[in-house]
There are 2 protein chains.
Amino acid sequence: MTTTEALKIYREHIEKMRALHHAMGVLSLDGATVAPAESAEGRGRTLAYLSGCSYQLETAPALKEAAEYLKAHSAELSAQDAREIEVFLRSSEYTASIPQDEFVGYVTLLNKADAVWHKAKLDSDYAAFAPYIKDIFETNVRFAKYYKPDQAPYDTALGRYERGLTMEKTDAFFGALKERIVPLLKKVMAKPQVDDSFLWGKTYPVEAQRRFSDYLMDVITIDKNRCTIGETEHPFTTMFNKKDVRITTHYHEENPVYSMYSVIHEGGHALYELHTGDALEGTLLRGGVSMSVHESQSRFMENYVGRSRPFIERIFPKMQELFPEQLAGVTAEQMFLAVNKAEPSLIRTEADELTYALHVLVRYEIEKGLFDGSITVEDLPRIWNAKYKEYLGIDVPDDRRGVLQDSHWSNGNVGYFPSYALGSAYGAQMLAKMKETVDVEAAIASGDLSPVTGWLEEHIWKYGKLYDPMELLERAVGAPFDPKYFTDYLEEKFTKIYNL
Amino acid sequence: MTTTEALKIYREHIEKMRALHHAMGVLSLDGATVAPAESAEGRGRTLAYLSGCSYQLETAPALKEAAEYLKAHSAELSAQDAREIEVFLRSSEYTASIPQDEFVGYVTLLNKADAVWHKAKLDSDYAAFAPYIKDIFETNVRFAKYYKPDQAPYDTALGRYERGLTMEKTDAFFGALKERIVPLLKKVMAKPQVDDSFLWGKTYPVEAQRRFSDYLMDVITIDKNRCTIGETEHPFTTMFNKKDVRITTHYHEENPVYSMYSVIHEGGHALYELHTGDALEGTLLRGGVSMSVHESQSRFMENYVGRSRPFIERIFPKMQELFPEQLAGVTAEQMFLAVNKAEPSLIRTEADELTYALHVLVRYEIEKGLFDGSITVEDLPRIWNAKYKEYLGIDVPDDRRGVLQDSHWSNGNVGYFPSYALGSAYGAQMLAKMKETVDVEAAIASGDLSPVTGWLEEHIWKYGKLYDPMELLERAVGAPFDPKYFTDYLEEKFTKIYNL
């Protein structure tokens, strides 16, 4: 074999896998957006077949042989090719550690679980969904043990989303956050609360909110020829290639701000995917490197851009145009304060920046407990509610607004949640670094976001998976990761807003 | 080999092909509905790969051997299994006659053509689309010759949509129609025209039209848990299984009737697919047997139900509720007359029942000419416009409303158009037979359509592909096909409406 031959074998397999993943992704997107309620069973059969094909391709002996040959001859490869082979081997090693029938069975399970979760959430019926949580977590523990028999399974799960992440590091991270956030939140709560009452008690028609979403996509510079928006129970982003990215949102007629921040958040994910370097397109290295880095981009756009004063000042005239009666007499400054109101609340995706990490902490501790057996699936709603009481001081009225609120577990995204808090912290460190050379507030105010998006493209987006997450972050900010940038940001912001 | 073993091999292949077709169908649906404009290229690569897999499965030697064994031992099979093997062998014989690279190349071509057609139609730019028409027709001629070297290629193309159909039969059919329709239309045009001016000059918001579609789907008894509606440039129906059927429509803000009849027409297709007999589900025999029979169901619902007086009387209150200002002072009788106004027009999908067949005739003659070389692609717009002048007496102002109006050619549906006129005629014969035992008008008026849908389910829908089209029709109506039922229906209806 020569490296040219081996690369040819490798590329042929990768292209076929790409096609299968594209098809599976569109089937799932269709299932979550517009497919009829009873379509899940047929889709499950199709996904099972396609995932079996994908499994066979990824674990094909010819591919393994080619990839290992290339690894052994990496000195003859371009740096990009060598990196791609490394990334491929990591992924295929994981896949190959799982027996094919279990791999396919898990895809079938998740497809079913998603349909059950949708209904269970609407009905606030935890009992209906519980067997699926049980099965999904048990499968994740089993898969983690197949892959790394000697490692704590939850460490393996965490590391699948963020290479190198462990419970020890996550505990330390959340410890650092709690130490600053909990007293800060206490001080905030002692102050007079921001008045956001003008946002409530009115109806914001979905049709006008749809137009608002279109506008917001333009404001944050999303190319609509390459990215469209759909509607789902739970907002998400999915991507097939640089010319085909999709975001979704969920409209709440009683409040336009929920969807507004879903669109900007998912838009941040989309921007990352839409700006992978051209040289990476068609390779395994295209797209976001990890979920934490992905969340750093989505939460950057949502919070550091979208919840800033100049951003609200910029978009407020459009809000008043779309919702003239609902926002009559309201000022941009009132809106700025309202979207930054810090207050313990029930729903993670609607939480303010200050309390957000506490929502994530609840989920992290629960996942850890489900993995080590200290929490049972039966006990989950009780534990969930107790943790919300402990960390956020609030009572959860029903499972719809409690343990059933997120789609992550039904989608098999176990070990994902810490990414949100880590991403916020990565993003804050990027913001601090960006501010050394970019007048971020001025760029937002000017309506030309390109100094901000240009920095992100230059330091993050274009690299795809060329570097591991921590290396990418360190190259971008010139220093190791430090959560203090995040807590400093929160302290500065909320000190001003609440006159602490 | 035993029949049990052979059936097992057969079923395994069929299930995999079903999965691939499901994935390809959802990718195409997504492409036509919500995918970003630039996504076509990536989708094309995926479709090419999946269609190659499907080709290999359908033409796999093991499958061929099993199917031929089963055919030779059909006496040992159930009637249904024997029929399924026959249907499979017909299809696989066609597929196997085409080299794989050309088969896959055609899928890629169509994916590209569809994107080009969308833009060309919007821009009324025939030149942009012409190379694709040329390529598509040439490919169809070549494929027809591969399959049946000794048969006129257009006969082969027609027979692919309607088994047994030939140019000779189609010529005779259109001859019989013209003989009655042309003089009837002349008489109609000599009478004072129906006044439908109240439908024009107003705006019918898309949001209200969407609610109208939801209502119409309920009225014609579509189970929304198994069928949803999307929006496309050109309305169509696509189906994956009995629990997953999709229809689409296109909203025109200037007139609610266009989308209304698209929804009812596509709804007729959907009902046929949603009511395949349970025993056929999962086999190749599920779903509509041919495009003509399919169109007989869609045009039955659209015209024989949807353009009837009791139907308009039933839905008119809802129309007034949704469009109160636009329809102020209008009566149900005025609406009934307006939706039955017979008048030569530009757009096939918006044509009245009387002139509709003439639109189809134009397309049929053009396809015939493109196949035999008497019409060139370059000449197509001129010929199109000349035929509209000749048969319908009208001038085509631009190609957007002329040769570019339909999506069929860009989708490779060459030889399909006669199905619409044949379907209308099949449907009229079914209606006549149905009226022997069902009070159709009373059922429509009552709001309980089940006597009508029950008859169609019992005589058509439940049989899937168990019988060839002509046999199915003859079993349903107890007589050979005769277009006079259709022309009688038109004569009776328009004599009354226009007081001829």
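The structure is a predicted model, in which local features need pLDDT of at least 70 and side-chain atom pairs count only at pLDDT 80 or more, while totals for chains, interfaces and linings use all residues. Residues are numbered from 1 along each chain as its sequence is written, chains are lettered from A and ligands numbered from 1 in the order in which they are written, and side-chain values use heavy atoms, with hydrogens and water left out. Chain B superposes on chain A with an RMSD of 0.0 Å, and the contact takes 38 residues from each of chain A and chain B.

**Symmetry of the two copies**

- In general, two copies of a chain are related by a rotation about an axis and a shift along it.
- Among the residues of chain B, Ala23(B) comes closest to the rotation axis, its C-alpha lying at 3.0 Å.
- The copies meet through the same surface, because 100% of the interface residues of chain B are also interface residues in chain A.

**Extent and composition of the interface**

- The area buried between chain B and chain A is about 2900 Å², and carbon and sulfur atoms give 56% of that area; buried area is the accessible area (1.4 Å probe) that two parts lose on being put together, summed over both.
- Pro36(B), Glu38(B) and Tyr49(B) supply 20% of the area that chain B buries against chain A, more than any other three residues.
- The rule finds 8 salt bridges across the interface of chain B and chain A, a salt bridge being a side-chain nitrogen of Lys or Arg within 4 Å of a carboxyl oxygen of Asp or Glu.
- One salt bridge joins Arg45(B) to Glu15(A), with 3.8 Å between the closest N and O atoms.
- The rule also finds 16 residue pairs in polar contact across the interface of chain B and chain A, both residues being at pLDDT 80 or more. A polar contact is a pair of N or O atoms within 3.5 Å; within protein, one must be able to donate a hydrogen and the other to accept it, and residues adjacent in sequence count only if both atoms are side-chain atoms.
- On the side of chain B that touches chain A, at least two residues come from each of helix 1 (3-33), helix 2 (40-58), helix 9 (206-219), strand 1 (227-231) and strand 3 (244-249). Helices (H or I, at least four residues) and strands (E, at least two) are DSSP runs, numbered from the N terminus.
- Helix 1 of chain B gives the most to this side, with 11 residues.

- Asp244(B) lies in strand 3 of chain B and counts as buried at 0% relative accessibility; buried means under 20% relative accessible area, exposed over 50%, and partly exposed in between (1.4 Å probe, protein chains only).
- Beyond its neighbours within four places in sequence, Asp244(B) is in contact with Pro36(A), Ser39(A) and Arg43(A), and with His22(B), Arg226(B) and Met239(B); contact means heavy atoms within 4.5 Å.
- A polar contact of 2.6 Å links the side chains of Asp244(B) and Arg246(B).

**Buried residues outside helices and strands**

- Ser290(B) occupies the loop between helix 10 (256-274) and helix 11 (291-305) of chain B, and is buried at 4% relative accessible area.
- The side chains of Ser290(B) and Glu162(B) make a polar contact of 2.5 Å.
- Tyr498(A) is found in the segment after helix 20 (484-497) of chain A and is buried, with a relative accessible area of 3%.
- The C-alpha atoms of Tyr498(A) and Val188(A) are separated by 6.3 Å, although the residues are 310 apart along the chain.
- The side chain of Tyr498(A) reaches the backbone nitrogen of Ala342(A) at 2.9 Å.

**Positive phi in residues other than glycine**

- Thr221(B) has phi near 70°; this residue sits in the loop between helix 9 and strand 1 of chain B and is partly exposed, at 35% relative accessibility.
- Asn499(B) has phi near 50°; this residue is in the segment after helix 20 of chain B and is exposed, with a relative accessible area of 58%.

Conventions: Least-squares fit on C-alpha atoms with pLDDT ≥ 70 in both.
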